[in-house]
Amino acid sequence: MISFTISLIVLVAGYFFYGKFVERVFQPDDRVTPAISKADGVDYIVLPGWKIFMIQFLNIAGTGPIFGAIMGAWYGPIAYLWIVLGCIFAGATHDYLSGMLSMRHDGCGLPELVGHYLGKTTKNVMLVFAVLLLMMVGVVFVYSPAIILANIYSTKMVWIVVIFVYYIIATMMPIDKIIGKIYPLFAFSLLFMALALLIGLFVKMPNIPELWSDLSASNLNENPAWLGNDTFIGNNPIFPCLFITIACGAISGFHATQSPLMARCVKTERWGRPIFYGAMITEGIVALIWATVSMYFFYYGGWKELVDEETATAFISQADGGKTLLQFFDAPSVVNIICQGWLGVFGGILALLGVVAAPITSGDTAFRSARLIVAEALGMQQRSISKRLTISIPMFGCAIALLIWQMENPNGFNVIWQYFGWANQTLSVFTLWTITVFLVLKKKNFYITLIPALFMTVVCSTFLLISKQAFGLDATISYTGSAIVLVIALVWFLSWYRKAMK
């Protein structure tokens with residue numbers, strides 16, 4: 001618990017100190033915001049600051065800081081370092097500056113920002129990339145909640161139809177009518193669940209790994225079908241896979257597509273740090289809590305305390321055949337087991353909200369963001385319902401086709417989710433480079449995003465080279481290739497920087 005406690009304190013301190021530093025770099029002022037200058041009663045509406053924070057938090061969170069942290073916990077407490085350092089210096093900085101930059105550009109979406117600072121060609125690439133990513137988010141977050149709900153009542157197809165109808169309504173309606181009313185409630189539930197687990201951690205003080213623990217020895221003694229070793233989980237090396245697995249909670253490009261939604265609702269720029277930087281730090285805390293309770297579950301036999309005898313027997317019998325904890329207990333199962341085991345019946349309800357409501361609410365804002373991005377690209381105003389339908393009908397038609405493919409392909413969900421993970425972090429690379437160029441042109445401290453941009457460029461290029469989903473090259477070749485990519489990126493930036501300074 002020492003590593004966890006220190007990490008928690010550092011995250012909170014990061015908001016007050018580094019967050020304040022980033023705010024001073026950007027220098028928010030009292031200019032009129034798009035929520036006032038472009039008010040349209042649909043997407044540009046002034047909302048209360050607390051409500052914007054709750055919506056922003058749920059928009060960027062969903063199940064990301066839960067499922068990602070659970071899977072990242074397989075690597076052990078090294079996940080703490082990425083959550084804490086990634087959140088403070090990369091993720092929260094990325095979210096704050098992308099949100100504020102959108103506000104400075106009339107609330108425009110990410111592709112427009114990228115095009116303004118990185119050029120028209122990059123904008124066109126980002127336009128296709130962002131819309132496809134958002135479509136994948138929406139489709140993934142239809143299918144997985146429907147499966148869970150079908151186990152409670154009715155059929156999977158019925159729930160798919162219900163969720164899709166909700167998506168259409170939420171995407172079309174003014175942001176304050178549905179999203180503005182129900183999101184704060186779900187965000188509160190997600191935060192309450194995290195707080196309850198945090199209290200449970202300090203009350204129970206479970207035996208969990210520290211940064212200096214010998215994970216190999218502990219797992220080999222507890223369970224012969226253990227997790228792997230400290231460097232590899234199966235065929236997934238800790239670098240770069242940890243940095244792809246834990247996205248929400250550290251840094252996520254998806255957030256840059258969501259921040260403009262709230263940038264259109266903010267009354268003053270001075271709300272930016274608590275809303276954008278603060279929501280990301282809060283998400284990091286949620287990820288930290290779930291990584292910790294998951295490490296207790298996976299390491300030192302914590303799963304034995306939380307599962308019933310029948311489940312334990314079933315796992316042990318499959319472990320004899322070579323099945324590991326990772327393969328037997330997936331992320332949704334861990335959420336349900338921990339919440340019900342620690343928080344009782346109420347915990348089970350919160351778990352249901354976490355694994356059902358949270359992804360659904362991320363899915364609807366993904367489609368809403370896609371609608372607005374396409375509208376900007378076409379120069380089509382969205383005040384009238386007919387113009388919203390013009391974009392939404394073909395968009396949902398494509399989403400339905402992708403959903404049908406996913407349902408008919410036995411491995412469809414995993415394929416889409418794997419590509420989403422890489423695409424999500426690649427989106428953060430584009431965003432970080434866009435912000436870096438903005439800071440250079442405004443003669444501000446650009447190192448705060450240049451260093452994260454270079455790091456995430458290496459992470460994504462390494463994953464593309466080493467992952468079996470892509471090229472599947474040898475580790476040595478992959479790391480050498482990513483080093484070359486780093487040099488190219490640095491040379492490109494320095495060359496551009498010299499020209500910009502002239």
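Me: In which helix does Thr436 lie?
Reply: Residues are numbered from 1 along each chain as its sequence is written; the model is a predicted one, in which local features need pLDDT of at least 70 and side-chain atom pairs count only at pLDDT 80 or more, while totals for chains, interfaces and linings use all residues. Side-chain values rest on heavy atoms, with hydrogens and water left out. Helices are DSSP runs of H or I with at least four residues, strands are runs of E with at least two, and both are numbered from the N terminus. On that basis the element that holds Thr436 spans residues 412-441 and is helix 20.

Me: Is Thr436 buried or exposed?
Reply: Buried means under 20% relative accessible area, exposed means over 50%, and partly exposed lies in between (1.4 Å probe, protein chains only). Contact means heavy atoms within 4.5 Å, and beyond four places in sequence Thr436 touches Phe446, Thr449, Leu450, Ala453 and Phe493. Because its relative accessibility is 0%, Thr436 counts as buried.

Me: At what angle do helix 21 and helix 22 pack?
Reply: Axes are lines fitted to C-alpha atoms, for helices over the stretch in contact, and angles run from 0 to 180 degrees between N-to-C directions. Helix 21 covers residues 447-466 and helix 22 covers residues 475-501, with axes 8 Å apart. The angle between them is about 145°.

Me: How do the residues of the contact between helix 21 and helix 22 divide into nonpolar, polar and charged?
Reply: Helix 21 contributes residues including Leu450, Leu454 and Val458, and helix 22 contributes residues including Val485, Leu486 and Phe493. Ala, Val, Leu, Ile, Met, Phe, Trp, Tyr, Cys and Pro count as nonpolar; Asp, Glu, Lys and Arg count as charged; the others, Gly among them, count as polar. The division is twelve nonpolar, six polar and no charged.

Me: How far apart in space are Ile338 and Trp290, C-alpha to C-alpha?
Reply: Ile338 is part of helix 18 (residues 331-378), and it counts as buried because its relative accessibility is 0%. Beyond four places in sequence, its contacts include Trp290, Val293 and Phe297. Ile338 and Trp290 are 48 residues apart in sequence, and their C-alpha separation is 9.7 Å.

Me: How many disulfides does the count come to?
Reply: A disulfide is a pair of cysteine sulfur atoms within 2.5 Å. For Cys265 the nearest cysteine sulfur is that of Cys108, 15 Å away; for Cys339 it is that of Cys248, 18 Å away. The count therefore comes, by this rule, to zero.

Me: What is the omega of the peptide bond from Phe239 to Pro240?
Reply: Most residues other than glycine have a negative phi, and most peptide bonds are trans. The bond from Phe239 to Pro240 is cis, and Pro240 is placed in helix 12 (residues 238-245). Its omega is near 15°.

Me: What is the phi of Asp106?
Reply: Asp106 lies in the loop between helix 6 (78-104) and helix 7 (110-118). With 43% relative accessibility, Asp106 counts as partly exposed. Although Asp106 is not a glycine, its phi is positive, at about 60°.

Me: What is the phi of Ser154?
Reply: The loop between helix 8 (120-150) and helix 9 (156-172) holds Ser154. Its relative accessibility is 36%, so Ser154 counts as partly exposed. Ser154 is not a glycine either, yet its phi is positive, at about 65°.

Me: What is the relative accessible area of Thr63?
Reply: Thr63 lies in the loop between helix 4 (49-61) and helix 5 (64-72). Thr63 is buried because its relative accessible area is 2%.
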